Amino acid sequence: MKTASLIIFLFAAVCCVTAFAEGRKECSVCGMYLDLYEKTEHVIYFKDGSSKAVCSLHCAARLISENRGRVTKVMAADFSTKKLIDAKDAFYVEGSDVPGVMSYTSRIAFSSRRRAEAFRKKHGGRILSFDRALSHQMEDER
């Protein structure tokens, strides 16, 4: 009787987990669920009109590196609002006390220098442009 109850419980648990996971968007590079990383999400747009969402600047750097010459635009989530902004206009805080996503060093995007500075004052780090943050991320990957 205990074995049958255990089997039924495990079957129900697997069904619940599967049902919960269905329909969730995953990072195009590492497979992590994007709803868990919506504050650090990036979306990469390509010349053919397609796009891919990723969980972090780490995964964005990998995708950009693998698709040199095909990327037309990169959007980044503003850490404060979760809204996507053009990464070229973002202010990244690098090296704060907030753990990095897929990286030892955190690199977090903000839509304004004011927001980035307020975050930096609380959590440390330094403010960089997207190009510098991306360059540092790619250097870390080597």
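In what follows, two residues are in contact when heavy atoms of each lie within 4.5 Å. Good morning. The model is a predicted one, where local features need pLDDT of at least 70 and side-chain atom pairs count only at pLDDT 80 or more, while totals for chains, interfaces and linings use all residues. Residues are numbered from 1 along each chain as its sequence is written, and side-chain values use heavy atoms, with hydrogens and water left out.

I begin with Thr40. By that contact rule, and not counting residues up to four places away in sequence, Thr40 touches Cys55, Ser56, Leu57, Ala77, Phe79 and Val101. Thr40 sits in the loop between helix H1 (2-21) and strand S1; helices (H or I, at least four residues) and strands (E, at least two) are DSSP runs, numbered from the N terminus. Is Thr40 buried or exposed? Buried means under 20% relative accessible area, exposed means over 50%, and partly exposed lies in between, with a 1.4 Å probe and protein chains only. Thr40 has 13% relative accessibility, and therefore counts as buried. Its side chain also reaches the backbone oxygen of Cys55, at 2.7 Å.

Next, helix H2. This helix spans residues 57-66 and is mostly covered, as 7 of its 10 residues are buried. Those buried residues are Leu57, His58, Cys59, Ala60, Ala61, Leu63 and Ile64. Against which elements do they pack? The buried residues of H2 pack against strands S1 (42-46), S2 (51-54), S3 (71-77), S5 (91-94) and S6 (107-110), and against helix H4 (130-141).

This leads to the nonpolar cores. A nonpolar core is a set of buried Ala, Val, Leu, Ile, Met, Phe, Trp, Tyr and Cys residues joined through side-chain atoms within 4.5 Å. In soluble globular proteins, nonpolar side chains tend to be buried together. In this model the largest nonpolar core has 28 residues, and those with the most contacts inside it are Ile44, Leu57, Ile64, Tyr92, Phe130 and Leu134. Two or more residues of this core come from each of S1, S2, H2, S3 and H4. H2 gives the most, with 6 residues. Apart from this core lies another, of 7 residues, among them Phe79, Phe110, Ala116 and Ile127. As for Ile44, leaving aside neighbours within four places in sequence, its contacts include Ala60, Leu63, Ile64, Val71 and Val74.

I turn to the strands. Two strands pair if DSSP finds at least two bridges between them. S5 runs antiparallel to S6, and 4 bridges join the two. S5 also runs antiparallel to strand S7 (residues 126-129), again with 4 bridges. Phe91 takes part on both sides: Phe110 stands opposite it in S6, and Ser129 is its bridge partner in S7.

Now the charged pairs. Side chains of opposite charge can pair when their charged atoms come close. A salt bridge here is a side-chain nitrogen of Lys or Arg within 4 Å of a carboxyl oxygen of Asp or Glu, and the structure holds 9 of them. Glu94 forms one with Arg107, the closest N and O atoms being 2.7 Å apart. That pair links distant parts of the chain, with Glu94 in strand S5 and Arg107 in strand S6, 13 residues apart. Both Glu94 and Arg107 are buried. Arg107 forms a further salt bridge with Asp140, with the closest N and O atoms 2.8 Å apart. Because Arg107 lies in strand S6 and Asp140 in helix H4, this pair ties together parts that are 33 residues apart in sequence. Asp140 is partly exposed, with a relative accessible area of 41%. Which residues make up the network of salt bridges here? Glu94, Arg107, Arg126 and Asp140 are linked in it.

Finally, the aromatic rings. Rings of Phe, Tyr and Trp (its six-membered ring) pair if their centres lie within 6.5 Å; planes under 30 degrees apart count as stacked, over 60 as edge-to-face and the rest as tilted. The count by this rule comes to 4 aromatic pairs. Phe79 and Phe119 form an edge-to-face pair, 5.5 Å centre to centre with 65° between the planes. They lie 40 residues apart, Phe79 in the loop between S3 and strand S4 (84-86) and Phe119 in helix H3 (residues 113-123). Phe110 and Phe119 form a tilted pair, 5.0 Å centre to centre with 45° between the planes. Both Phe110 and Phe119 are buried, and Phe79, Phe110 and Phe119 form one aromatic cluster. Thank you.

How values were computed:
Polar contact = N/O pair within 3.5 Å; in protein donor to acceptor, adjacent residues only side chain to side chain.
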